[in-house]
Amino acid sequence: MSSSAIPYSTIRMEGASVAEFSWDIRSPLDRALVAGPYGAQGKAGVSLTEIHNFDLAQVMARRGKAGEMIAAAKARFSAAAPETPRAVSAADATLIWSGPDQFLVLSKGGKHSIEALAAGFAGSASLSDQSHARALISVSGDKARAMLAKLSSIDLHPSVFAVGAAAATSMDHTSVTLWRGKDRDGQAVFNLLVFATFAESLWHTILDSAAEYGVTIGHSDELA
Amino acid sequence: MRITCPFCGERELGEFTYLGDAKPQRPAADAGEDAVYDYVYLRDNIAGVMSEHWYHGGGCRAWLKVTRNTLTHEISAVEAAAGAGAAKVGA
């Protein structure tokens, strides 16, 4: 990491040099992501958008409490939480299956932050804040599926992986949560949640895979 | 080789980690040293159908019990290991 990446001042403490860090909230893709075109020129076949500033909570049922957790989710979101690999769109949150008797709550603006969820799931589930532990990348475009096929062994054909399908899987040896969001401009949108510390590595792999199709890269604060 | 995870469906081997024989059961506290030694260290080298623990760490992070033929890699059964999830197994 370059010395300018994290602003710090050096103070003297008993003869030792101690770095005093300032903890700015930054995206794990802050250094790697360069907005604009990448790879082959012409019409971009792949669109990559990093989504910023989301709330993400892991909800895991306590032993014997899966039914109560589902009921609590229903009361909170007026939607049935996923019990199989699916992503469920509620009014202001997406509930994404992440394993047996557990799911992720993805939302914006603090309405379903871990603090907001705590009371409703007290006694039925354990919550873990993942808001700053993952990067969220949205992949779309004519060649999105062709590009992802190089990285994933999941069949993403629309006949198998329809809107709302989800998978806990690996890409390039990296665990990811993958789901298909609502189509945009008639095209499939694939969303990827990746652990923050692996995000840059996977990002480079994605760029390598997408380069031949031409890529357009950007940020967004809107959930896909 | 592919393993059909009961939660995720068919997945490539790379998503899984092998633990080993699923048969050994922890002996009772008063079973004696030989029984504990056997449980901790001694394993059969089975040529044929074997019950094994596998971990789906590259996917749903559930432990699985897989029945596999070590000669042919044919998998005849996959089920969630006790403790996978919160309620369906071992609750």
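This is a stop-by-stop tour of the model, with something to select at each stop.

**Before you start**

This is a predicted model: local features need pLDDT of at least 70, side-chain atom pairs count only at pLDDT 80 or more, and totals for chains, interfaces and linings use all residues. Residues are numbered from 1 along each chain as its sequence is written, while chains are lettered from A and ligands numbered from 1 in the order in which they are written.

**Stop 1: confidence in chain A**

The average for chain A is 92, and 92% of the residues score at least 70. Now select residues 1-6 of chain A, where the pLDDT is below 50. Beyond near neighbours in sequence, this stretch has two contacts in the model. Two residues are in contact if their C-beta atoms, placed from the backbone, lie within 7 Å.

**Stop 2: the sheet of chain A**

Switch to a cartoon view. Helices (H or I, at least four residues) and strands (E, at least two) are DSSP runs, numbered from the N terminus. Two strands pair if DSSP finds at least two bridges between them. In chain A, seven strands form an open sheet in the order 3-14-4-10-13-12-11, with mixed pairing. Which strands stand at the edges? They are strand 3 (36-38) and strand 11 (166-171) of chain A. Each has a single partner strand, so one side of each is left without a neighbour in the sheet. From one strand to the next, the twist averages 25 degrees. Axes are lines fitted to C-alpha atoms, for helices over the stretch in contact, and angles run from 0 to 180 degrees between N-to-C directions.

Select strand 4 (residues 46-51) and strand 14 (residues 215-220) of chain A. They pair in the parallel sense over six bridges. Pick Glu50(A) there; its bridge partner in strand 14 of chain A is His219(A).

**Stop 3**

Select strand 13 (189-195) of chain A. Six of its seven residues are buried, so strand 13 of chain A is largely enclosed by the rest of the structure. A residue is buried if 20 or more other C-beta atoms lie within 10 Å of its own, exposed if 12 or fewer, and partly exposed in between; C-beta atoms are placed from the backbone.

Seven bridges join strand 10 to strand 13 of chain A, and the two run antiparallel. Leu136(A) stands opposite Leu193(A) in strand 13 of chain A.

**Stop 4: helix 4 and Pro28(A)**

Select helix 4 (residues 196-210) of chain A. This helix lies across several strands, among them strand 13 of chain A, to which it runs at about 140 degrees. Then pick Pro28(A), in the loop between strand 2 (16-21) and strand 3 of chain A. Is Pro28(A) buried or exposed? It is buried, with 20 other C-beta atoms within 10 Å. The C-alpha atoms of Pro28(A) and Thr197(A) are separated by 6.9 Å, though these residues are 169 apart along the chain.

**Stop 5: the core**

Select Leu95(A) and Ile96(A). They have the most contacts inside the largest nonpolar core, which has 73 residues. A nonpolar core is a set of buried Ala, Val, Leu, Ile, Met, Phe, Trp, Tyr and Cys residues joined through C-beta atoms within 7 Å. Domain 1 (36-52 + 133-220) and domain 2 (55-129) of chain A both give residues to this core, so it lies between them. Those domain bounds come from an automatic or database domain assignment.

**Stop 6: chain B**

Show chain B. It has one helix and six strands, in the pattern β-β-β-α-β-β-β along the sequence. Of the 91 residues of chain B, 23% count as buried. Four strands form an open antiparallel sheet in the order 3-4-5-6 (chain B).

Finish at Arg61(B), in the loop between strand 4 (49-55) and strand 5 (63-69) of chain B. Its phi is near 65 degrees, a positive value in a residue other than glycine. Arg61(B) is partly exposed, with 16 other C-beta atoms within 10 Å.

Terms used. pLDDT is the predictor's confidence in each residue, from 0 to 100.
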